[in-house]
Amino acid sequence: MHDEQQQDLAARLRACRESHGLTQRAVAGRLGVPRSAISGIEAGTRKVDSLELKALAALYRRPVGYFLEEPAGSPSEPARLLRLYQCLAEGDRTRLVEYAELLEIARTARRFSVR
């Protein structure tokens, strides 16, 4: 179970870094650690200490608790989507909402189409 939690944390950190368009080198520079430390954290092979996690959360503009939430079994699709949405940069969030609205319009149009 502990390894699963470590991998989940690693995946959340990696997803947030990527959604912000940051390289591992850039994150390492801001935290004052070697790039290999960020690589290890994101691979789940190096544990992140509490001060590093606090700094990463601030950098990614997320509460620390976001990274520590434990999934209840396999995460539900809405919970997973929310977690991914929260990692997106503001412009990407806007585009995602616009896409979801287009999907809703298409679904509604199919309902009313003549067969």
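Predicted model: local features only at pLDDT ≥ 70, side-chain atom pairs only at ≥ 80, totals over all residues.
**View 1. Helices H1 and H3 pack against each other.** Helix H1 covers residues 2-19 and helix H3 covers residues 35-43. Their axes lie 6 Å apart and cross at an angle of about 125°. Angles from 65 to 115 degrees count as roughly perpendicular and those over 145 as roughly antiparallel, so H1 and H3 are oblique to each other. On the H1 side, the contact is made by Gln 7, Ala 10, Leu 13, Arg 14 and Arg 17. These residues meet Ile 41, Glu 42 and Ala 43 of H3. By type, the residues of this contact are four nonpolar, one polar and three charged.

**View 2. A salt bridge joins Arg 12 and Asp 8.** The distance between the two side chains is 3.1 Å, taken from N to O. Both residues belong to helix H1, where they are four residues apart, or about one turn of the helix. The structure holds six salt bridges.

**View 3. A nonpolar patch lies on the surface.** The patch is formed by Leu 96, Tyr 99 and Leu 103. Together, these residues have about 300 Å² of accessible area. Tyr 99 is part of helix H7, which runs over residues 90-112.

Conventions
Residues numbered from 1 in each chain as written. Heavy atoms only, no water. Patch = residues over 30% accessible without salt bridge, like charges linked within 9 Å, V, L, I, M, F, W, Y side chains within 5 Å. Areas by Shrake-Rupley, 256 points an atom, 1.4 Å probe, with all protein chains shown as cover. Salt bridge = Lys/Arg side-chain N within 4 Å of Asp/Glu carboxyl O. Helix = DSSP H or I, 4+ residues; strand = E, 2+ residues; numbered from the N terminus. Axes fitted to C-alpha atoms, helices over the stretch in contact; angles between N-to-C directions. Parallel < 35°, antiparallel > 145°, perpendicular 65-115°, else oblique. Contact = heavy atoms within 4.5 Å. Nonpolar A, V, L, I, M, F, W, Y, C, P; charged D, E, K, R; others polar.
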